[in-house]
Amino acid sequence: MSDTNDNKAGPDKPDQLSAAGTGPEAAAPSTVSEQAAPAPAEVPEAPRQNQILKEIFGGSAMISLLAVVLALIVGGILIALTDPVVQQTSAYFFARPGDMIGAIADAVGGAYAALFRGSVFNYLRADDFAAAIRPLTATLANATPLIAAGLGVALAFRVGLFNIGGRGQILIAAAAAGYVGAYVPLPPVIHLIVALVVGLIGGAIWGGIVGLLKARTGAHEVIVTIMLNYIAFYLISFLLRTPGALQAPGQSNPRSGPMLETAQFPKIAGEAYDLNLGFILVIVATIYVWYLLNRSAMGFQFRAVGENPHAARVAGINVKATYVKVMVIAGALVGLAGVQQALGNFTGGIAAGLDAGIGFDAITVALLGRSKPVGVFFAGILFGALKAGAVTMQAAEGIPVDIVLVVQSFIVLFIAAPPLVRSIFRLPTPDPNFHWRKPKLDRKAEVAK
């Protein structure tokens, strides 16, 4: 039996083995692990138009714009909550909801319409064009010191320094320019130039002290600038109360004498408007800072130190000297705001409170402008508009000026939280490796390809 079975199976086994060992299947691996992995499919590159749209809608400029929109929405909610008519109509909301909705629309719409009339264009006086555009000139006049101070703060930010000493630099610059403008008579054009230069030097020296202490001793610039704010305030207060120093002769008030006409900034839009030469100077300062940061060797050193001071030191950049340079320039830029206050806005005499919070508002302007010169310029105009329109909003609608301060505070809050803004509006996250301009291939690589 066994022989018979073996004989029957014998011829079959060699056939099966020969069938399995011959043919094209014989070269294939016998196990799954030995099989070759399939080649990964090439993912097509996204169209460049989509990448550009992603950068636009997820970039810092869009975040800043939407932060302003969110802050205005929050301000509108506060206006509606504090409006007496809205509060009255809320008592019977479920009976007549239209009354409350209409009251909210009237309160918020009326407030922001008044803000627009007081800051951009007074359409209620459209028949008189000169009067209708006066709010716009007031906005630019209010924005002038904010832009100048914001540029100084933004420049320090780009180097990794927090210039919180805008108030002190403004006061010192205003005192220096005010002394020359009020008590040093000179020929017309020379007088204005000398007062301007002396004011800028005063702000540069006060800012340079911070950079020098940072470079020599490692003192933190935030602490030093805050302390110098107090020193500048009480020093100017003392000089304004001292006869023969800054105090006007023959009076006991802590105020300097009026600026001589030869030292006052001339009006550039006529005597009916507050806009003066200072606005032209901040435009020049904006162009200078842009050129400094983007087209000069010194600006490259500033940006390198701001990105990584240790790597910049290894690359041969004198980090300590960079700190001193940037604070001198930043102090001069902030000092331009003090010169504008002394020779442009307070020509009747300077006082210790002429900074008017500009030194701290400049921090908000620099943050909103993303520490970029052009961004700071437009951020300053926005805050100048809020400041100019707040007065009209209070006079026409009875809305407290503090609402504008709340809006400014929420702008800072949303600017400091880009992921929050992106999540609210479902914005894409920008690609850090994206380049607006495609890099040009090297000629050798092109030929080799």
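Guide: Partly exposed means a relative accessible area between the 20% limit for buried and the 50% limit for exposed. Keep that in mind for this predicted model.

Visitor: Fine. Is D99 buried or partly exposed, and why?

Guide: D99 is partly exposed, because its relative accessibility is 30%.

Visitor: What does the D99 side chain meet in a salt bridge?

Guide: R96. The N to O distance is 3.3 Å.

Visitor: How many salt bridges does the count come to?

Guide: Four. Another one joins R125 and D128, at 3.8 Å from N to O.

Visitor: How accessible are R125 and D128?

Guide: R125 has 39% relative accessibility, so it counts as partly exposed. D128 has 32%, so it is partly exposed too.

Visitor: And K214, which residue does it form a salt bridge with?

Guide: E221. Their closest N and O atoms are 3.2 Å apart. E221 is buried, because its relative accessible area is 4% and the cut-off is under 20%.

Visitor: Why would such side chains pair at all?

Guide: Opposite charges can pair when the charged atoms come close.

Visitor: New topic. How many residues of helix 15 are buried?

Guide: Eight of eleven, so helix 15, residues 358-368, is mostly covered. Among the buried ones are I358, A362, I363, V365 and L368. G359 and T364 are buried as well.

Visitor: What covers them?

Guide: Several helices, including helix 3 (60-82), helix 7 (134-158) and helix 8 (166-183). Helix 14 (319-345), helix 16 (373-397) and helix 17 (402-415) also contribute.

Visitor: Which residue just after helix 15 takes a positive phi?

Guide: R370, with a phi of about 55°.

Note on methods: Residues numbered from 1 in each chain as written. Predicted model: local features only at pLDDT ≥ 70, side-chain atom pairs only at ≥ 80, totals over all residues. Heavy atoms only, no water. Buried < 20%, exposed > 50% of the residue type's maximum accessible area, 1.4 Å probe, protein only. Helix = DSSP H or I, 4+ residues; strand = E, 2+ residues; numbered from the N terminus. Contact = heavy atoms within 4.5 Å.
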